[in-house]
Amino acid sequence: MSQVDRTIQKLIDDMIETMEKAPGVGLAAPQIGVPLRLAVIEVEDKITVIINPEIVKSSGEVDLDEGCLSVPGFWGRVNRAERVSVKALDRNGKEQRIRDAEGLFAQALQHEIDHLDGRLYVDRLIPETFQRSEPLRKREADVRAARRAAGEIVEDEDDEAPD
Ligand SMILES: [Zn+2]
């Protein structure tokens, strides 16, 4: 994507709204069926928009619990870099450098960039850590509503009985 035009601006606003309603820490365009290298992240009330992102440096190693709006009701443990530096365009199409991001922000950057590469955290799971999340299960209805509002659904009512 070389041009951040009005259509993209509108898409970014919609994605931020969907992420906040979910609520989620991040949302990548492919998750709502848009094949662009674009993602939004919100950590500690700060919204970051990354377009055509590239991890230019990573260091350290951590095992972290992770979930995803595309895999509602589950979480698992993944191995991530502790710190990452990212080169990307911002929402105005200007080049931005995110240097040595840490903590949840670093995790979200890696998670969202994975989405842009067609990869889910479940592809990186540490074996036998994948499990149902009770609190997330209770939020599934909200997540579904947000996804439906975003046009993402995919009727996904299943016949599974509560256990
Ligand atoms: Zn995700």
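## Helix H2

Helix H2, which covers residues 103-116, has 14 residues and reaches 21 Å from its first C-alpha to its last, close to the 20 Å expected at 1.5 Å a residue, where the expected span is 1.5 Å times one less than the number of residues. Helices (H or I, at least four residues) and strands (E, at least two) are DSSP runs, numbered from the N terminus.

Eleven of the 14 residues of H2 are buried, so the helix is largely enclosed by the rest of the structure; a residue is buried if 20 or more other C-beta atoms, placed from the backbone, lie within 10 Å of its own. Among them are Phe105, Leu109, Ile113 and Leu116. Just after H2, Gly118 takes a positive phi of about 75°.

## Basis of the model

This is a predicted model, in which local features need pLDDT of at least 70 and side-chain atom pairs count only at pLDDT 80 or more, while totals for chains, interfaces and linings use all residues. Residues are numbered from 1 along each chain as its sequence is written.

## Strands

An open sheet of three strands has the order E4-E5-E8, with antiparallel pairing, and two strands pair if DSSP finds at least two bridges between them. Strand E4 (62-66) and strand E8 (131-132) stand at the edges, each with a single partner strand, so one side of each is left without a neighbour in the sheet. Strand E5 (residues 74-80) is joined to E8 by two bridges, and Trp75 has Gln131 in E8 as its bridge partner.

Terms used:
A residue is buried if 20 or more other C-beta atoms lie within 10 Å of its own, exposed if 12 or fewer, and partly exposed in between; C-beta atoms are placed from the backbone.
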